[in-house]
Amino acid sequence: MSAEEFVDIMSHVGFVGDPLVHTQHHIGASKWQKVSDEEAVGYHQLRAAHQRYTAADRRLVENKGHGHAMVKHFYKRIDGEWKLGGLKPTIRWNEFEAERIFRGFEPTQIH
């Protein structure tokens, strides 16, 4: 998947691009592993707070959903510059109604 496709998915209105959803992600403990001169792996503890509001004025919270996870990031050096090569989240548990935050999307709606 290209960087542009990844950004399209993440910023889609059915996901983090929804104007009624606000998120805040906190990275806790991190550990790094050098795989080679061209590859590295980062292991990051993550807490992600999410709130869905009823309207754009953000006066009334409709739902809250907070996630606790470990995220494995894969990094690659391309032309001397480090780039994100992929990620693998492992959700440990959620608080509140995390499943009701994002509205979702059909794959054909992306792009």
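1. Helices (H or I, at least four residues) and strands (E, at least two) are DSSP runs, numbered from the N terminus. Patches are made of residues with over 30% relative accessible area and no salt bridge, like charges being joined within 9 Å and nonpolar side chains (Val, Leu, Ile, Met, Phe, Trp, Tyr) within 5 Å. A salt bridge is a side-chain nitrogen of Lys or Arg within 4 Å of a carboxyl oxygen of Asp or Glu.

2. This is a predicted model, in which local features need pLDDT of at least 70 and side-chain atom pairs count only at pLDDT 80 or more, while totals for chains, interfaces and linings use all residues. Residues are numbered from 1 along each chain as its sequence is written, and side-chain values use heavy atoms, with hydrogens and water left out.

3. A nonpolar patch on the surface consists of Met1, Phe6, Val7, Met10, Leu84 and Leu87, with about 560 Å² of accessible area together (Shrake-Rupley method, 1.4 Å probe; for residues, only the protein chains shown count as cover). Helix 1 (3–10) and strand 4 each give two or more residues to this patch. Helix 1 gives the most, with three residues.

4. Met1 lies in the segment before helix 1. Met1 counts as exposed because its relative accessibility is 71% (buried is under 20% relative accessible area, exposed over 50%, partly exposed in between; 1.4 Å probe, protein chains only).

5. Most residues other than glycine have a negative phi. Arg58, not a glycine, has a positive phi of about 55°. Arg58 sits in the loop between strand 2 (39–53) and strand 3 (61–78), and is partly exposed, at 43% relative accessibility.

6. Phe96 is not a glycine either, and has a positive phi of about 65°. Phe96 belongs to strand 4 (residues 81–96), and at 53% relative accessibility Phe96 counts as exposed.
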